[in-house]
Amino acid sequence: MRFPQLKIGQQFDYQGKRYTKTGLLTASEEGTGTNAMIRRSAEVALLEGSKSEGLAKESNQSFSREEVIELCQEYRSKLTKELDQIADGDGTIQLDILIAIVSELTVFDSMS
């Protein structure tokens, strides 16, 4: 499976090391706690005991106006947090990384 298919908090094996996904492009190495950037195209192996359902795709679910507003606010908050974590010291972010984060972060991530 590819790295973006994992949910935050899932444990996986990548290049012989065990990690826990901590963000859209980040993971924490088991044992050392060292943070690492993982490519979107990286092939990873989900570890046994870790939930394997992947990202939620609730295409038939209906939402009230209030729920949509709440989901959008959660999405904005989550996006802002992710961008703050990866911004350079002067607050800049590379365009390709910004596009990757926006395209990977879904409204349904906020529901889990």
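Where pLDDT is low, the predicted coordinates should not be read in detail.

Some housekeeping. This is a predicted model, where local features need pLDDT of at least 70 and side-chain atom pairs count only at pLDDT 80 or more, while totals for chains, interfaces and linings use all residues. Residues are numbered from 1 along each chain as its sequence is written, and side-chain values use heavy atoms, with hydrogens and water left out.

Now the sheet. Five strands form an open sheet with antiparallel pairing, in the order β4-β3-β2-β1-β5; two strands pair if DSSP finds at least two bridges between them. β4 (35-37) and β5 (45-46) are at the edges with a single partner strand each, so one side of each has no neighbour in the sheet. Between β3 and β4 there are 3 bridges, and T26 has M37 in β4 as its bridge partner.

Let's zoom in on A27, in strand β3 (residues 26-29). Is A27 buried or exposed? A27 is buried, because its relative accessibility is 0%; buried means under 20% relative accessible area, exposed over 50%, partly exposed in between (1.4 Å probe, protein chains only). A27 also belongs to the largest nonpolar core, which has 9 residues, including F3, F12 and V44. Such a core is a set of buried Ala, Val, Leu, Ile, Met, Phe, Trp, Tyr and Cys residues joined through side-chain atoms within 4.5 Å. A second, separate core of 6 residues includes L25, Y75, L79 and I101.

Finally, salt bridges: a side-chain nitrogen of Lys or Arg within 4 Å of a carboxyl oxygen of Asp or Glu. The count is 2. R2 pairs with E43, with the closest N and O atoms 3.1 Å apart. R2 lies in the segment before β1 and E43 in the loop between β4 and β5, so this pair ties together parts 41 residues apart in sequence. E30 pairs with R18, at 3.8 Å between the closest N and O atoms.

Notes: Helices (H or I, at least four residues) and strands (E, at least two) are DSSP runs, numbered from the N terminus.
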